[in-house]
Amino acid sequence: MTLSLSLAEARRLALAAQGFGRTPRGAIARRQLQAQIERLGVLQIDSVNALVRSHYLPAFSRLGHYQAEHLDELAWGRARRRRLFEYWGHEASLLPLELYPLLRWRMRRAADGQGIYSQLAKFGAERRDAIDAVLQTVRERGALGAGSLSTRTEKAGPWWDWSTEKMALEWLFAAGEVTVAGRRGFERLYDLPERVIPADVLNHADLDEVEAQRRLLLRSADALGVATERDLRDYYRLGVSDSKRCIAELVEAGELLPVTVQGWRQTAYCRGEPRIPRRVRHSALLSPFDSLIWERERTERLFGFRYRLEIYTPQAKRVYGYYVLPFLHHERLLARVDLRSERAVGRLAVHAVHLEEAVLSEEARLALGDSLRALAQWLGLDEVWLAPSVSLRGLLG
């Protein structure tokens, strides 16, 4: 018999799976941060720095004030402290090292020109000379950024107008022939995998594609709580035919349980019999690239919240703002907050607050104010500044 969930139960299950409702008391230890990232299974990286780099925000939204330096150590620190690696997970991502063997099939496909941008695939097929030269330079000189290799003399054009050396490095990265050893500012520094990835991970026995994809889908199910086929494959950006076949096999093996969710047209899946919390009490501002909300159609199904990025929308056409963070209060998304870190003057600037309902309850208003103050403190900013157009009375007490 197929299990049935109400929408409220599905929402609580999803929130709990994503680590909400378990804010620890006291200082956040490095091991707690690591455990939270491993629970999520992936942190999306994005270049926009209007507030803070996006990969730092999900842990703050769930744990509260933690040391960002600990995340840097997990991602790019010394070998004995490193627990994450960069690769294409859900877009450009930080991933637990244990997933490295599960993504080798993607690297092999990339080397064959599959699953990567057509321009990069064309470059890989036609410019092996440049690729080999760049790989040899990395081999001889160690971790390098694209800027230090570029022989370009003309001014770069718009985005994706990459130099030959940058194209070669990106192809090598996608194919797994180099990896990211660290970052200088936001620039990737590439090195050979054997100088970055621990030997036991690098030398792990190869998995065939189907087995690796099954394991990734199970990781998706763990992280999402309850999810449709589309939700599951989107988490690590798997192909439609690959994921449908693997999900059918996982259901047959009893590792995924089909469920129906109130109002959802598609069948959903859980990782075994779900343990649904009675309630989830948590308030947080969410990165636009947070794994709770990055699949926009799922966000609408779960929360009745239609969310779109307006970063690349011309200012005159924006509805809510440039860098808008949804505000989660307990089990609902109640507002959209357009924020900026104005570091030169030491303040967190609130450019707009858009409510989902006509009135925000006093409890929710106080929670939003607390969330803004906590975010400013974590970012090392002295104050929270409200733009004159923000008309939410008493937001900051």
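Predicted model: local features only at pLDDT ≥ 70, side-chain atom pairs only at ≥ 80, totals over all residues.
Three helices each supply at least two residues of the lining, namely helix 1 (7-17), helix 2 (30-40) and helix 11 (209-224). Helix 11 gives the most, with 4 residues.

Helix 1, which contributes to the lining of this pocket, also contains R12. The relative accessible area of R12 is 14%, and the residue is therefore classed as buried, the cut-off for this class being under 20%. A polar atom of the R12 side chain lies 2.7 Å from the backbone oxygen of P277.

Three strands form an open sheet in the order 2-4-3, with antiparallel pairing. Strand 2 (43-44) and strand 3 (84-89) are the edge strands of this sheet, each of them pairing on one side only. Between strand 2 and strand 4, the latter spanning residues 91-96, the antiparallel pairing extends over 2 bridges. Within this pairing, Q44 has S93 of strand 4 as its bridge partner.

Strand 4 also includes P96. With a relative accessibility of 1%, P96 counts as buried. The C-alpha atom of P96 is separated by 6.1 Å from that of E38, although the two residues are 58 positions apart along the chain.

A further antiparallel pairing involves strand 5 (residues 179-184) and strand 6 (residues 187-191), which are joined by 5 bridges. In this pairing, T179 stands opposite D191 of strand 6. The hairpin formed by strand 5 and strand 6 has 2 residues between the strands, and G185 takes a positive phi near 70° in this hairpin. Of the 6 residues of strand 5, 5 are buried, so this strand is largely enclosed by the rest of the structure.

The cysteines were examined for covalent pairing. A disulfide is a covalent bond between the sulfur atoms of two cysteines. A search of the whole structure finds 0 disulfides. For C246, the closest cysteine sulfur is that of C270, at 19 Å, and this separation is too far for a bond; the cut-off applied to a pair of cysteine sulfur atoms is within 2.5 Å.

Conventions. Residues numbered from 1 in each chain as written. Heavy atoms only, no water. Pairing = 2+ DSSP bridges. Buried < 20%, exposed > 50% of the residue type's maximum accessible area, 1.4 Å probe, protein only. Polar contact = N/O pair within 3.5 Å; in protein donor to acceptor, adjacent residues only side chain to side chain.
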